Protein chains: 2
Amino acid sequence: MKTLSKVNIFGGAQSIFSHSSEACNCDMRFAVFTPPEHLHGAGPHPVLYWLSGLTCTEENFIAKAGAQRIAAELGLVIVAPDTSPRGPDINGNDVPDDPDGAYDFGLGAGFYVDATEAPWSMHYNMYSYITEELPTLIEKEFPIDVARTGIFGHSMGGHGALTIHLKHPDKYKTCSAFAPIAAPSSVPWGEKALSNYLGTDKSKWAPYDATALLQNYGASKAHILIDQGTADQFLETQLKPEIFKAAADKTGQALSLRMQDGYDHSYYFIATFMEDHLRWHHKALMQAT
Amino acid sequence: MKTLSKVNIFGGAQSIFSHSSEACNCDMRFAVFTPPEHLHGAGPHPVLYWLSGLTCTEENFIAKAGAQRIAAELGLVIVAPDTSPRGPDINGNDVPDDPDGAYDFGLGAGFYVDATEAPWSMHYNMYSYITEELPTLIEKEFPIDVARTGIFGHSMGGHGALTIHLKHPDKYKTCSAFAPIAAPSSVPWGEKALSNYLGTDKSKWAPYDATALLQNYGASKAHILIDQGTADQFLETQLKPEIFKAAADKTGQALSLRMQDGYDHSYYFIATFMEDHLRWHHKALMQAT
């Protein structure tokens, strides 16, 4: 693990690291915020994993979400990985990208799945990376309290957080999302990514569709928080929280879906409600056993 | 004036506008935050002008500084202009840039001066733009309380804020800076910009050098706040706050120069201390008569 940068912010430290990833078969980057030692000691600290949306790297969240102020106060570690494999792989070839150069597939659009289709399967294994390889590294290198782990994210990453929580509710005990792609099998972003990464047999998509997971696995014990802006340009075509909400109602999943009047899909929306999410996770994680 | 974007954030509105600037002889962009009406009514509101540093546009501050949360609470309007003229001018030629393509001169590096040297003088008139044209437009278009106007900024923009306050202490009643280029006539960034924009006769630089202005105009009635990170990579070579501090001590300028342990030159540093600056300005502006 190599430290690319480390700076002070709100009394804590914001760092960016790179490491050689087995799951993605290339170097991967992730950001980690650690809270002020003079307030919270050396740990172990509760930890949140943040999954970013389409086009993002490990930098968007740490530069724009305004999370460090609250994380410093509450004593939270926040891990924010990149959204896809990137760069030259170990054979010297570039990690493949969308042949059309679009923003919604390939680089910056890993969708937190393990690809089964060539050429994507050699690198696009973000699901294993996020749920196995990265947490193992984080547990080894940082003073975190594994029993107090939560997950949250935005858009594609909100979808990732929902699916990972629903599949591993005992590992990721709390879950929230900003404007998640709540039913990816039913919208253009999800259909493009899932058909390319997983093939056109839609039964293979179910393990990566939050609505399908709720129906198949049932409700988690957590109370999930979702914020969604009503002025989000992707709300009706790509996000569809009402489909996930209907599945939650049907399965008894505790869910607060808050429609935020006039907010869009940007980090201005995320920053506005970040404090609510961090306090929501912290409160639940401190009660976790 | 054309609205390029307008989004909700912390109950207020963050907008970006463009307009045809006479001073800069090209289209210019600026960002404006207006606070929530349900908290603060329709105004008039106190207003702060934020001047950004080298390489920035009107977007860096609004995306990364985390200012809107506090401005929404306090009821402040914040205006954040671009840092230089840009784009095609009215004759169809591009606004000139540094011939070497460097980041510290030309586009993104207007240094808040009125250039006297060709080819820069046709467009690089940021001093007149910031102190005359832009405030006139803001006063006309937004519900601001002109008698409660302050100015602040970062690095090149911290320098700009200091100089503009010291020259117009009755117009810009409060002033603060993050890591300002405190003595531009004595450092490489300032020497390059001022010699190109104003010519090599250093006597022409004095109206744009905060330390020289203090010596020539004397202290303002304001209490100036400066935050400076001790781990700032530019502290010793480009910023030199100790020179400005010595001039302040000599002239009786009230100044709090806070050396912040381990902080660098980035927006992570700015975000950490933004709340202090906004409360500092707000308190003083509410006492202004």
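Student: By about how many helical turns are B:E275 and B:R279 separated in helix α10 of chain B?

Tutor: This is a predicted model, in which local features need pLDDT of at least 70, side-chain atom pairs count only at pLDDT 80 or more, and totals for chains, interfaces and linings use all residues. Residues are numbered from 1 along each chain as its sequence is written, chains are lettered from A and ligands numbered from 1 in the order in which they are written, and side-chain values use heavy atoms, with hydrogens and water left out. Helices (H or I, at least four residues) and strands (E, at least two) are DSSP runs, numbered from the N terminus. B:E275 and B:R279 are 4 residues apart in helix α10 of chain B, and so are separated by about one helical turn.

Student: What joins the side chains of B:E275 and B:R279?

Tutor: Side chains of opposite charge can pair when their charged atoms come close. A salt bridge is counted when a side-chain nitrogen of Lys or Arg is within 4 Å of a carboxyl oxygen of Asp or Glu. B:E275 and B:R279 meet in such a salt bridge, at 3.0 Å from N to O.

Student: Which parts of chain B does the salt bridge between B:R258 and B:D276 tie together?

Tutor: The closest N and O atoms of B:R258 and B:D276 are 2.8 Å apart. B:R258 lies in strand β9 (residues 255-260) and B:D276 in helix α10 (residues 267-286), so the pair ties together parts that are 18 residues apart in sequence. B:R258 has 28% relative accessibility and counts as partly exposed; B:D276, with 35%, is also partly exposed.

Student: How many salt bridges does the structure hold over all chains?

Tutor: Over all chains there are 27 salt bridges.

Student: What rotation superposes chain A on chain B?

Tutor: Copies are superposed by least squares on the C-alpha atoms of residues with pLDDT of at least 70 in both. Here a rotation of 180 degrees, with 0.0 Å of shift along its axis, superposes chain A on chain B with an RMSD of 0.0 Å. The two copies are thus related as by a two-fold rotation axis.

Definitions and conventions. Buried < 20%, exposed > 50% of the residue type's maximum accessible area, 1.4 Å probe, protein only.
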